[in-house]
Amino acid sequence: MRIVKRLLVVTLAVLLILSVGCSNGNKTEQKADNKTQSTEKEPYVLGAVLDITGTNASLGTPERDSILMKVKEINDQGGINGHKIDLKIYDNGSDETKSLMLTKKMISDDKVLAFVGPSVSGTGIAMAKIAEESQVPMVAVAQSVKIVSPPETHKYAFKSPVADPQLTERLTEYLKKNNLIKVAWLSQNNAMGDTGLAELQKSAAKNGIQIVSIQKFEATDTDATTQLTKIKAANPDAILSWSIPPGSGVVAKNYHDLGLKVPIFFNQGNGTQAFIKLAGEAAEGLYVITTKLVIADQLPDSDILKPVLLKYIDDYEKKNNYGPVSNFGGNGYDAFCLVLDALKRAGDNPDRAKIRDELEKTTNFLGVTGVYNMSPTDHTGLTAKDMVIVKIVNGKWQLVD
């Protein structure tokens with residue numbers, strides 16, 4: 001019996017030691033978990049309002065995909081300064097009123113540090129006012145220079161696409177070089193078209209270009225034959241069309257159907273395979289002033305942007321299978337990358353004002369659209385040299401100039 005009792009006492013002692021040991025181990029493990037949780041940094045909250053559905057979906061969808069692609073890449077790498085990105089992304093349905101409402105919601109409810117969007121100029125001009133009033137940095141993915149000007153009243157508004165002054169400068173220089181002196185203007189009746197015309201008139205006067213006809217059509221129109229017939233009567237050397245899909249597709253088809261032979265040039269909003277598909281057989285021979293993205297493989301190896309462009313194309317088309325790249329996706333990607341770059345430089349405790357200041361200091365930033373050099377008087381940071389003239393030949397882009 002004594003032996004049995006001793007065995008029981010020893011057994012109980014061993015069990016007690018093991019129990020205490022496991023308990024201590026669990027506590028140690030729990031403390032480690034708590035320590036890990038406590039050292040994990042809060043995410044940076046950023047926003048985006050884009051035209052993902054509706055009439056401008058061909059713009060907003062690739063912008064969204066490009067941004068989400070970048071968010072995943074950054075978060076997989078551990079975030080910015082150890083902070084993951086928490087993106088609040090909203091679809092405005094191509095509606096300006098809804099876009100403004102969502103912008104205010106992002107700022108007040110989501111407390112975003114900065115945001116990108118929208119996809120079109122008219123809405124971008126209106127959103128820039130909210131950004132300024134709320135003092136939240138915004139990087140638009142729309143074209144109009146009015147989104148960021150005048151600079152003294154647009155301190156918080158930036159944009160990623162090349163602006164109209166640089167576009168018209170590049171285009172009129174090409175027209176002059178090729179002796180295309182008399183031009184006709186055909187644009188959508190909106191902020192993008194109005195801004196483009198104003199800047200064309202300045203660039204045309206500078207380069208000795210004559211504007212012999214000015215015509216406009218509504219973005220929702222399904223026919224522009226009347227306007228093109230008037231342009232034909234003016235006998236221009238070239239036609240400039242400031243429009244985006246689906247309107248630009250209408251212009252291309254009507255131009256083809258009327259048998260017009262003078263060259264027609266479309267703005268950068270048509271540097272997309274969707275435009276070629278939309279125009280169909282009418283796409284052959286059309287010119288587009290665009291970024292280098294669509295002809296990246298035709299660039300010399302000495303071009304500083306070529307590696308950046310090829311990486312973006314590989315990530316977008318092959319790794320994520322989003323389909324053919326476009327200017328719109330490139331603009332969205334650059335807008336978001338500009339915010340991330342400013343966020344990184346703003347330090348571990350950034351606020352909206354710091355991010356704004358760093359955006360304005362952006363220098364030699366290699367984007368998909370071009371090389372960005374911002375300043376207090378230039379919140380786009382691109383030049384005419386960032387654009388190329390391409391022609392559609394056999395359904396593909398061909399570098400012209």
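**Entry 1: conventions.** I took two strands as paired if DSSP finds at least two bridges between them, and I took helices (H or I, at least four residues) and strands (E, at least two) as DSSP runs, numbered from the N terminus. The model is predicted, so I kept to its thresholds: local features need pLDDT of at least 70 and side-chain atom pairs count only at pLDDT 80 or more, while totals for chains, interfaces and linings use all residues. Residues are numbered from 1 along each chain as its sequence is written, and side-chain values use heavy atoms, with hydrogens and water left out.

**Entry 2: the open sheet.** I then followed five strands that form an open sheet in the order E2-E1-E3-E4-E5, with parallel pairing. Its edge strands are E2 and strand E5 (157-159), each of which pairs on one side only. Helix H11 packs on this sheet, touching E1, E2, E3 and strand E4 (138-140), and the direction of H11 makes about 160° with that of E1; contact here means heavy atoms within 4.5 Å, and axes are lines fitted to C-alpha atoms, for helices over the stretch in contact, with angles from 0 to 180 degrees between N-to-C directions. E1 and E3 pair over two bridges in the parallel sense, and in E3 the bridge partner of Ala48 is Val116.

**Entry 3: helix H2.** Which span should the 20 residues of helix H2 (residues 57-76) have at 1.5 Å a residue? I took the expected span as 1.5 Å times one less than the number of residues; this gives 28 Å for H2, and its end C-alpha atoms are 28 Å apart, which agrees. Among the buried residues of H2 are Leu59, Ile67, Met69, Val71 and Ile74, where buried means under 20% relative accessible area, exposed over 50%, and partly exposed in between (1.4 Å probe, protein chains only). The buried residues of H2 pack against strand E1 (44-50), strand E2 (85-91), strand E3 (115-116), helix H10 (306-319) and helix H11 (327-345). After H2 comes Gly78, with a positive phi near 105°.

**Entry 4: salt bridges.** I counted as a salt bridge a side-chain nitrogen of Lys or Arg within 4 Å of a carboxyl oxygen of Asp or Glu, and the structure holds 19 of them. Lys70 forms one with Glu73, the closest N and O atoms being 3.0 Å apart, and the two are about one helical turn apart because they lie three residues apart in helix H2. Lys70 counts as buried, at 11% relative accessibility.

Arg345 and Glu358 form another, with the closest N and O atoms 2.7 Å apart. Arg345 lies in helix H11 and Glu358 in helix H12 (residues 352-360), so the pair ties together parts that are 13 residues apart in sequence. I noted Arg345 as partly exposed at 33% and Glu358 as buried at 14%. Finally, salt bridges that share partners join Lys70, Glu73, Lys311, Asp315 and Lys319 into one network.
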